[in-house]
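Hi,

Here is the structure I promised to pass on. Have a look at it first, and then read on for what turned up.

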Amino acid sequence: MRVLGIESSCDETSAAVISSQGGDVTLDSLVILSQDVHAIFGGVVPEIASRAHLAAVAPVVKRALADASCALDQVDAIGVTNGPGLVGALLVGVSFAKSLAASLGVPVIGVNHLEGHLFATALENTDAVPPFTALLVSGGHTMLLDVPAWGEYHLLGATRDDAAGEAFDKTAKLLGLPYPGGRHIEALAREGDPARFRFPRPMLNGGQRLGDADYYDVSFSGLKTAVLHAVRDAEKRGALDEERPHLARAFQDALIETLAAKTVRAAVAHGRTRIVLGGGVACNAALINAVRNLARSQVGSEATTFAPSPRLATDNAAMIARAALFHLERGERSELSLNAFSSMPLACTP
């Protein structure tokens with residue numbers, strides 16, 4: 001079975017082909033076209049993103065099929081992101097996928113973008129499968145989940161304000177770094193002195209207990225404010241250039257320590273030895289190492305942390321195709337009335 005995946009939720013136009021045979025899933029092709037124009041504006045401009053998707057979606061799909069040596073009439077189903085995301089951008093992918101599916105007489109499957117991120121790592125590592133604790137960290141979302149099985153998701157905690165990726169971008173702007181900020185802060189932080197500054201670890205304290213309302217939740221608005229004050233102080237002293245790597249290191253350490261602690265709390269509480277990271281921030285090497293080391297310390301030597309490569313951590317169609325295959329194998333299909341939604345919570349089991 002071959003599934004064509006299409007992703008257009010934000011500023012990447014992506015298409016991928018995966019094939020399934022005897023329970024084995026193979027990634028045959030993946031094409032990602034990033035819209036670098038948004039760097040000029042310091043953030044994604046929805047109208048520009050939609051127009052760029054409109055121009056790129058057909059060529060990107062054509063290239064993905066060619067790379068997979070797959071003719072159009074060999075596609076058995078089409079999976080497409082239909083939320084959450086920028087609704088105009090999503091509509092481009094959804095409309096294209098529905099039209100193509102109708103013309104081929106194959107099913108179309110709408111996929112929640114967040115569920116796609118849960119499947120991404122499994123495309124590279126066959127051991128990254130349930131049961132596991134999942135940390136989804138991206139520009140728009142930060143949430144902690146317990147995943148006993150595919151399709152069964154228990155929301156444990158989430159951000160109460162900024163997502164982790166958003167906090168990276170906003171801090172990068174304060175430090176005068178390019179957009180998107182994550183990779184620039186990560187690189188700069190390697191040069192920083194971890195003892196020069198220390199920022200608060202929001203919603204993380206030794207007095208929290210299982211059952212507390214904030215036991216798994218995170219908050220980064222206060223951290224961002226602390227960075228703002230430190231930047232302004234450095235500017236007054238004329239020392240921002242000198243302090244910039246130390247500020248980047250202090251910010252990243254605070255954010256990552258918080259995420260790692262909350263994630264390992266969840267793994268311990270639910271008896272999970274596998275931890276899966278997903279989303280654009282999930283390829284941050286410092287985050288991966290922090291979660292891995294803390295898990296081995298608190299869960300045990302059998303604890304394993306899985307993270308996607310940068311290519312599969314970003315918004316991509318391979319993860320959408322893989323999630324679509326899961327739903328297809330369960331006999332699920334979407335109607336041609338499938339719509340796009342800017343807000344679409346992941347269907348979680350109470």
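Before the details, one term: contact here means heavy atoms within 4.5 Å. Also keep in mind that this is a predicted model.

With that in hand, take helix α3 (residues 113-120), which lies across β1, β4 and β5. The helix runs at about 85° to β5. Helix α10 (residues 317-329) packs on the sheet as well, touching β1, β2 (12-21), β3, β4 and β5. The direction of α10 makes about 130° with that of β1.

Now the sheet itself. It is an open one, built from 5 strands in the order β3-β2-β1-β4-β5, with mixed pairing. Which strands stand at the edges? Those are β3 (24-34) and β5 (108-112); each has a single partner strand, so one side of each is left without a neighbour in the sheet. From one strand to the next, the twist averages 20°. Further in, β1 (residues 2-7) and β4 (residues 77-83) run parallel and are joined by 4 bridges.

Is it buried or exposed? Ser50 has a relative accessible area of 15%, and the cut-off for buried is under 20%, so Ser50 counts as buried. Leaving aside residues up to four places away in sequence, Ser50 touches Gly88, Ala89 and Val92.

By class, the lining of the largest pocket divides into 16 nonpolar, 20 polar and 11 charged residues.

The second largest pocket has about 240 Å³ of space. Among the residues that line it are Ser20, Asp24, Trp150, Arg322 and Glu329. Which elements give two or more residues to this lining? They are β3 and α10. The lining of the second largest pocket has 5 nonpolar, 3 polar and 3 charged residues.

Cheers

Technical notes. Residues are numbered from 1 along each chain as its sequence is written. This is a predicted model: local features need pLDDT of at least 70, side-chain atom pairs count only at pLDDT 80 or more; totals for chains, interfaces and linings use all residues. Side-chain values use heavy atoms; hydrogens and water are left out. Two strands pair if DSSP finds at least two bridges between them. Axes are lines fitted to C-alpha atoms, for helices over the stretch in contact, and angles run from 0 to 180 degrees between N-to-C directions. Buried means under 20% relative accessible area, exposed over 50%, partly exposed in between (1.4 Å probe, protein chains only). Ala, Val, Leu, Ile, Met, Phe, Trp, Tyr, Cys and Pro count as nonpolar, Asp, Glu, Lys and Arg as charged, and the others, Gly among them, as polar. On a 1 Å grid over the protein atoms alone, a cavity is a set of points where a 1.4 Å probe fits but cannot get out, and a pocket is an open set with protein on both sides within 12 Å along at least five of seven lines; lining residues have an atom within 4 Å of a point. Grid points are joined across faces, edges and corners, and a volume is the space filled by probe spheres set on the points.
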